[in-house]
Structure formats: C-alpha cells, structure tokens
Amino acid sequence: MITITTCTTTSHVSHWPRRSLLLCGIFFFLVLSSIIQAEDAIDFETHIAPLIVSRCVECHNTNEASSGLDLTQMDALTKGGESGLPTLADTAENSLLYQRVLSGEMPPESRGQSQKLPEEEIELLRRWINQGAPWPQDRKLGRYERTTSVRGGLDWWSFQPVVRTPPPEVTATDRVTNPIDAFVIAKLEANNMTMAPLADRRTLLRRAYFDVIGLPPTLEEMNSFLTDDSENAYEHLVDQLLESKHYGERWARYWLDLVRFAETCGYERDQQKPQIWQYRDWVVRAFNDDMPFDRFVQHQLAGDEIPDADEQSVIATGMLRAGTWNDEPNDSADYLYTRLEDMVHTTSSAFLGLTVKCARCHDHKFDPIPQVDYYRVASYFWAGYVHETNRATLGGPSSERLGYEVFGWTDRAREVNAIRLLTKGDRHRPAQEIQPASLSTIPALQRAFDSPPEDADTTHRRLQFAQWITHPANPLTPRVFTNRLWQHHFGAGIVRTPNNFGFKGDLPTHPQLLDWLAAEFMEGGWGIKRLHKLILMSSTYRQMSLHPQQESYSKRDFLNHNLWRQNRRRRDAESLRDALLASSGALNPKLGGPSFFPRMSAEALEGLSKKGRAWGSSSQTDRSRRSIYMMTKRSRILPLMTTFDFCDTTLPCGQRDVTTVAPQALALLNNHFVHEQSENMANRLYEEVGNDPRRQIERAWQYAFARAPADEELEIAMAHLEAQELDFGGPSTDSSVPTDQAELDLLFREGLALWLRADRDVTLDKENRVITWQDHSEYASLQTHPKHATQTIASARPQMVPDAIHGQPAIRFDGGSSFLQLSGKPLWKPQFTIIAVAVSGADGGTHEIISNWHQRGRSISSVFLGIQGEQVRFSDQFAQGGKIANPQQPFILTAVNGTDDAITFQNGKELGRLGAPLANRDLEGPYVIGTQGNYGTEFWQGDIAEILVYEHALDATALTEVWSYLGQRYKLETELPQDPKRLALASLCHVLMNSNEFIYID
C-alpha cells in the first residue's frame, strides 16, 4: 500500500483575510471548472498543473520526495512511491492518488483539522485521470512556478515586470495635482470615501521641514513662507528644502539604518572602526548631490571595481563593513559563515526587499529562493576578506590593499577558491561548488557571471551583482526604493513590510501607484529628489491628518490603507534631539567630519568592559551638532536615543518601531540634555527680546510650534512664569547629601584633563605617605596623556588623612616641604578651568594648590592657583582674585579663564572678576601640587581632597553641575548662581519641549 502525504502549513490561515484576493486569483480556475460540461476535455496547464503545484509539489518534489513520491513529472508519478506501486490507473476509482485525495488522507490533517480538497478540485482530478491523465511530453512541474496558498512562486507580484498603468479617471478632479492623486482618489471613490481637506500652511511648513531636512524652520524661514501669497510658494519651499545641505543629513540616516551602520565592532571589546565615519559622510553627500540611485548602489557594492574607482567610491564600500565584527569568536570557521550571512542579508534586504538569508540552510520556505541562490550571493563576498581575523585591520582589507587610508572593502585576488553549498547549513557537510550567478527569482535576468577582465585584481562579482540589481528589467529595485521614499513621507509604505516583498510580506495597498512611481523613478534617470518632489507636491501628501469623517472612516479603515488622511507622526530620536538644539539656538550646523561623543552618565557606562576606555569626550560645540554625527557605539547607545526607538544596529532596519511609553515622558522631564536646551532657549529669548515676558512667550511659541500662542495659552504661560519666579526666588543653597556617599560620582567630564580624588588609587608608603596619586581624567583612562601625581623623595611626601573633610579622605601637606609632581601637563589651551576642594591650615602666608611656576624665567607668565592669607591668587596677573571666607573651613575654590574674562569662585559664589582673560600663559611643565614650583617656597599648608582641571572654560550650567556634585560629596553649602526670572523662563521652555505639539508633527 502506498502512503501519500502532502506537506501543508497553517500559516496562511492567520493571513487569510489579507490574502483572500490573491488566493481567489490563484484558484479562479476552480470556479471555471465547475461549469465545464462533462464531455469537455480537461486542460492540463489550466486545470491540473495549478492543482498539483498548489496542493502536492510542496512535499512531493524531486528534492524532497515525501514517501518517495515525486509528483513533478509523469514518469515519477506513474512509478509511485516507496512501495513501488503505480500511483495512477485506468480509472480514477482504481488510482491510489485519487483514493487518497477522495478519502481526505492527502493532504494530511494539520493541527487536527482536515485539509481535504474542495469537491470541485477532487472532481477535476477524477475527470483528468478518467480521460487518461494527459501530461505534456517533457513537462516538469516547478516547485516555484506558481504561487500557492503556502508559498510565493515565480509569478508572485513583486517579481513581475513593472507596468506603467495610465492614471485612472476620477470624479474629484479638483484634488488631482499629479498622477499620484488619481490613483489614490480612485481607490477612495471605489470605497465611497474622500480625501481629507488640505492642511493649512503652518502645518505644511512643519511637515515639510520635518520630512525633508529633519529640522524646524527658523523664524525667518517661517515668516517668509507664511507671508508669501504667490501660487507657487509651496513649490518654492519644497525646492529650497531639497537643495538644503541638511536634506542629505536627514535622508542618509534612513539609509544608515538599512545597512546596520555603527562605528564600533560590537561584541565584548566593541572596538572603534577607524575612518568609518567617512562612509556616513559619503552617504550624506550622495543624497545632497542627488546621485542617481543606480550609481548609489554600484558604488556601495563595488566602488573598488567600477571603471572610475577613486577614494570616494572605495569609501562607499564601507557599507559592507558597517556591521559587527567579532575579533575572538568561539569558532572562527563557523563565524566565517555568520559574516557571510550578515552581508547577504544586508544587501538583499536593502536593495531587493528579499529575505535571502532564510535560504542558508534549505530552500526558502515561502519565497522562490532555492538554497543555491543564497550561496550564489554569498560567493560575491566570499572573494573578499570575510575570512580575515586580523585585529589590526578589524577583519577587512588593509589600507595598502585598498589603496587609500579608508575603511572599505575589496576582494583578495582576481581568482579565489569556490564556495560550496552547505547541506543544512552545516560547514562540516559541504556539497557542490557554487559558481557566481544572479538570483533565479527573475528568470528573464538569470545568468552566470562572467570571469573578471585579464587586468583586474578583483573577481568583479560584486560589480556584476550591482549591475544585475540596477538592470532596468529588475522590478524589485525600483519598487523597493520607491516604497522606502513613500514610507518616510507617510509613516507607512505602499508595501508596509519594506524589507520583505515576499510571500510573508504585506501586499501593496496601491499596486498600480507603486508601479507608476517605480517606472517614473527609472525613466527619470533614477533621480531621488525628483521623486521626492512628486510626492511632496501631491494632494495626497498635503492632506490634513484629521478628517471630517474621522470616526466613521477609522472604523472602516483604521490603519489608513486607503490614504484618506495624512498620518500623524512622532519625531524620531534624531529629529527630536535636533529640534531641541535648533529651538534652543544651540545647534551647530557643521557638516561632516569625525563623530562627536555626547555626554554619557557614569551610570550608563556601567557594565561595559574596560570602562575607562568605553567613552570619549568632545567639546560642547561639537556635542551640539546634529544627531547623525553622534558616535554610534554598539555596546552603549545614548539612553535618550534608545528611549525614542533608535534602531538595533546589529541588523538591517527597514522601519523603526514607533512607541509611546512612559519612559519617554520621564526622559524629557529629567534628562540633563533637555534641561540644558531649556536653559539655552531661555538665554536665547533674553538675548533676542529682553526681559519682556509677553514677547518672550510669543517668541518661545514660534520657536517651539511655528505659531503664535493663543490668548488662553498666553495667559497660562504668564501665570506659569510668575509662579515659577516665586519658587526660584531668594538665595539657593544645596546641602542635601545622598545617604550613600560612595554612590556619588562626577557626571560632567567633558574636557576633563586632570582629576585627582583622594579616595581613588592613592599608593602609600609604610608611613601612610603618598607615593602616587593617580589621574582619573578621560585622557588617563584612554592612556594617552596620564598626569599622575608622584613623589619619589620620602621626606617630601604628603600624608594621607582618611577622615579629613566631613568623612572624606584628603591629602595633607605640611606647608614646609611636602608636594607632588605631575607626570604630564594638564593645560595646553588658553581657556581652562581649575577646581579644588581644600582647607587651609595656616594663618596668613602664601600657599599654592597647583602651579607650573619654575625657575626658568616663568614667574610672570606661569599659571598657578593658591591663596595668600585669605586672598585668592590666580596667577600674577590676577593676584587679587577675591577673599576666601573662612579658609580654615573646607571650601571649593574655582578659577575660570575664558575668552572674555577670568573669574574666581568659592562654593559657587563669585569672588573676583578680572575683566579680561589672563594674558598669554606659558603652559609648559613641569606642574606641581602643593607648592609654587622648584623655589622651595609657598608650600600648601592644609588638606586637598580633590582637584579637577578642564581644558576649556566651563559655562554656568557645567559649573553648577560640578559644584553640586562636590557640595554633596563633601557636605559643603554651595551658593549656586540663579536668576529667578531666567530660571522661570527656562521652566516654561521645558514645558514646551515636553508637549505633544513639539514631539509630534501635525
């Protein structure tokens, strides 16, 4: 007895509602068959081939012949299965095939539910067998030739040629700006729906700025557009935005998501990739220059192989190296295939919208991608340095091999060993060699790749792959990229699974529109900006996000598949951060260059390997640049960004999650960066409109919302300012101390050049005297410029005092001989800040905390900070730096040399102001702690618990933060500078930056 089984899956059951039209199309022949008269002959291609392919071939094929039965060709079918008995007979009633189908044994049950064929199909099978089971000679059924209920075939919609359908005729002609609208309105009218009204000009302004450049409009830009009464004002706005240098910054970020870009390797060590930022800058320039998309593809896949290859095109190949790299995998042989999978997945999903990686171990379960196709694509990268394990080159080619000092990709040689298909993906089970060729999903374009030219030093496989991708007859490439543009202008693509155009992906909501746009894209020379403008100018894009019939339409089409309104969208992580900077006036518009390190709290760095080198430092100016230039470190993304759904950088991301969760509100309320921008915005308002609350409020609304406040809002804002000013009024002291002093740590470390703290890494001799006091600044952590304080002479060593200042340790200097020498110079820039926590144990006399005063003629031009009795001395030029109150009590002494002034403070209270910066200082070493230099005089008498030297002049915000930390740590009262009116205005700005209107567009 022959046992015939047919494999089926039930995955299509859950997707039935969205696939009903598709399946109706697939089995339309069944409806026709029901009216075929008994005497009519059964046509094999029309009736039987679709039936067998859809119901049987999934399990009964040449490669996977369940029960030994192959139903793809007549010889195998008549031969039968493992029993050797024939499957067919002279009549259906005697046929094992028909018997199994009639009884419902084939297809077998799935999850306890019968999969018995419909009566119409069983009848077709019966009549076909009774008519002699005609089968065309040499006809072999292909597993992928037709789409079935469980998998896509070669006839799947996305593999078919792009067809440019003429725009349909519609009734609402007044809403048709270009063909896009005709396609959308036609579907709306078919569903008895209409478009939402056009959005007002202010809404369009904010929406266009957000979409095209990711920044809010300036006050001048807003006023210019809102007062322009010309008919083409909006078109001029669109043109200006597309020509903006910021357009590339906005749209490059979307591409970087697709190619899993980050600047570090990931895994335990997470090394920084040298020069990889150049690839990011290349993408920005490519978008700004409107590089045709076919060239855009070819440069990234094969920039080293194109005819006009140069340094920039080789930089473009950094896409292939933008993923993770493990310098110490558990099994390097296995890891080779992990790297290959990453490259196959990234390129196939980004350019083609296919999940080719699913065919690594077996034929794709849902799409017509055989396993051999996976290894064909893998062969393109097999020829490169995917085998490389050299830590010096981070798993890629050397700069010598590339020909430039860049982080790019190339092949090892012109000829390389062939890759083998791995049975079930197991490298221990290699099968046949795979020759480089294109994917087989588009039969008309399928071909084997040519050998490289004789004078080539690479295989030219990647170049041929890129040419195949951008071939005008390849329907996937223009559809996929066009869909991506649409997605970012509407919040959802025409195909809502942008990285999957296969069977498990969503079907297009407007297939004819997608094809029209794809054809327009190619016929327009693959120009991206041209396509942007088409979308931006359409009435579909310019709709309001609210519809007069919102409630009823939402019930019918909650997900807005019919595009009856524009989608309301929340700012993504980058545009939110950039908008905060732009609104506050702090945005640094500089383009390109190495990435900056944002300020990262010590808590956020916990858990990292080698914490000291886990994070770098950047200037305040650099930290105010756009978010696309932020260091993207895989092991630690800035928490503010992850809270607002920054993407996972280990995998290609076609569409980020968009969540609305409580941590987002908490982050905006409490994050230090948001508070800084609130204060910056308040300062900006004071500078621009002065101390006029009404004008401040009006200008704040313009910067935050691009509109004037309503009367009610103005009234509420005025009341808020008055209430907050009362709350902030009066002197401020901060003596609160956390219960666990050990948890206190310095958060502001930007530009910290020297950091000595008495409770950390102090090496003592047998008499408890200091041999070494280690520097904990960022430079010391990176082991580039450590400035440890040491003393080799035993008699000159200061004493460690464990409980010197309110429970905290300090180093005690005797005022006569003890001092420490720094191993490097902490100052090398004219602007700097010195902060010390100390207590003087002497009445009168001159005593220095830190100095580079040296006998080699530097008494006038040296840098030092100390006291003479109660008088602060900040170098000779500022020897009258104000008087310290109670120097025998612990104090925080601060000296700031800025670009306009030199200022001293005690516990946050200003002591003295020079009126000009210190004249040019000689910043050379040696530097000493506790004396003036090598004169043997002016030794410090008293305790020093902590010294911080910054390589720039700290602003008020930074000083306040450092003083707050020191005040809490050493239980010292601090008088932090506060202006109640300015703080109240900052509070109002903070409210605006936390509002939905700021966070959401429309």
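This is a predicted model: local features need pLDDT of at least 70, side-chain atom pairs count only at pLDDT 80 or more; totals for chains, interfaces and linings use all residues.
Let me start with the domains. Residues are numbered from 1 along each chain as its sequence is written, and side-chain values use heavy atoms, without hydrogens and water.

Now to domain 1 and domain 3. Nine residues of domain 1 contact eleven residues of domain 3, contact being heavy atoms within 4.5 Å. About 650 Å² is buried between domain 1 and domain 3, and carbon and sulfur atoms give 48% of that. Buried area here is the accessible area, with a 1.4 Å probe, that two parts lose on being put together, summed over both.

What about charges? The interface of domain 1 and domain 3 has one salt bridge, that is, a side-chain nitrogen of Lys or Arg within 4 Å of a carboxyl oxygen of Asp or Glu. R143 and D363 form a salt bridge through their side chains, at 3.3 Å from N to O.

For the whole count, the rule gives 68 salt bridges. One of them joins the side chains of D211 and R569, at 2.8 Å from N to O. D211 is in helix α9 (residues 201-212) and R569 is in strand β3 (residues 569-570), so this pair ties together parts 358 residues apart in sequence. Helices (H or I, at least four residues) and strands (E, at least two) are DSSP runs, numbered from the N terminus.

Last, a sheet. Strands of a sheet pair through backbone hydrogen bonds, either parallel or antiparallel. Here, an open sheet of eight strands runs in the order β5-β6-β7-β10-β18-β12-β13-β14, with antiparallel pairing. Pairing requires that DSSP finds at least two bridges between two strands. Which strands are at the edges? They are β5 (762-764) and β14 (871-874), each pairing on one side only. Strand β13 (residues 864-868) pairs with β14 in the antiparallel sense over four bridges. Q868 has Q871 in β14 as its bridge partner.
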